[in-house]
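Here are my notes on the model you sent. They are set out as numbered points, to be read beside the structure.

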Amino acid sequence: MTPIIRTAAEMLRARRADPLPLLGLHKTRMRCWPGDIDLFVELNNGRTLSLFDIGRFGLAVRIGLIKVLRQRRWGLVVAGSSVRYRARIRPFQTFEMRSRALAWDARFVYIEQSMWRGELCCNHVLLRTAVTENGRIVPTAQVVEALGTSQPSPDLPDWAAAWIDADATRPWPPRM
């Protein structure tokens, strides 16, 4: 299945599932198809990121964000990520993807996602995401309010805060 069909199917499943709170955990069962693999006969690292996109759309449906995005004509962007790959996912293996909002600051929502085969975590990603309007970032306080809550952000775990701090020292544009 192509990612667009998988995304649509995931969004339909998410619409049928119970709503989640803003910090709720969304779980998605997936299978590694032959179109997902690379020359080493394992889930391709680029496809892994595409599959994580699908999980985030399911999460966005369940927390009510997709509805708000459509109403306000807002968009979503990924502004950065850090991925750890630790165990292979082979063709036809099933796995569970777990997605949740970790915390937010004035501009960005930090999301963590992981893929699991049973008790084995195969990979994990931390993402810096944002909601946009006309090419500009919508303040997260406005997004949280649009979701019908005034919930404050939990504290970022030390490892996530360290990534944010380290990434802030990275030159942009790159000096190549």
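1. Two cysteines come first. The sulfur of Cys-122 lies 6.7 Å from the closest cysteine sulfur, that of Cys-121, which is too far for a bond; a disulfide here is a pair of cysteine sulfur atoms within 2.5 Å. Cys-122 is buried, with a relative accessible area of 0%. Buried means under 20% relative accessible area, exposed over 50%, and partly exposed in between, with a 1.4 Å probe and protein chains only. Searching the whole structure gives zero disulfides. Cys-32 is in no disulfide, as its nearest cysteine sulfur, in Cys-122, is 10 Å away. Cys-32 also counts as buried, at 0% relative accessibility.

2. A word on the basis. This is a predicted model, in which local features need pLDDT of at least 70 and side-chain atom pairs count only at pLDDT 80 or more, while totals for chains, interfaces and linings use all residues. Residues are numbered from 1 along each chain as its sequence is written, and side-chain values use heavy atoms, with hydrogens and water left out.

3. Helix 1 covers residues 3–16 and has 14 residues; its first and last C-alpha atoms are 20 Å apart, close to the 20 Å expected at 1.5 Å a residue. Helices (H or I, at least four residues) and strands (E, at least two) are DSSP runs numbered from the N terminus, and the expected span is 1.5 Å times one less than the number of residues. Buried in helix 1 are Arg-6, Thr-7, Glu-10, Met-11 and Ala-14. These residues cover an arc of only 135 degrees around the axis, so they sit on the same side of helix 1; the arc is taken from the directions from the helix axis to the C-beta atoms. Arg-15 and Arg-16 are exposed, on the face turned away from the buried side.

4. What do the buried residues of helix 1 pack against? Their partners are strand 1 (26–31), helix 2 (45–63) and helix 3 (65–72). Glu-10, in helix 1, is buried with a relative accessible area of 2%. Leaving aside neighbours within four places in sequence, Glu-10 is in contact (heavy atoms within 4.5 Å) with His-26, Thr-28, Ile-54 and Gly-58. The side chains of Glu-10 and His-26 are joined by a polar contact of 2.6 Å. A polar contact is a pair of N or O atoms within 3.5 Å; within protein, one must be able to donate a hydrogen and the other to accept it, and residues adjacent in sequence count only if both atoms are side-chain atoms.

5. In strand 1, His-26, Thr-28 and Met-30 form the covered face, and Lys-27, Arg-29 and Arg-31 the uncovered one. In a regular strand, side chains alternate between the two faces of the sheet. Strand 1 runs antiparallel to strand 3 (residues 94–104), with six bridges joining them. Arg-31 stands opposite Thr-94 of strand 3.

6. After helix 2 comes Gly-64, with a positive phi near 90 degrees.

7. Glu-112 belongs to strand 4 (residues 109–117) and counts as buried at 13% relative accessibility. Its side chain makes polar contacts with the side chains of Arg-100, at 2.5 Å, and His-124, at 2.7 Å. Not counting residues up to four places away in sequence, Glu-112 also touches others, including Leu-102 and Trp-159.

Notes: Two strands pair if DSSP finds at least two bridges between them.
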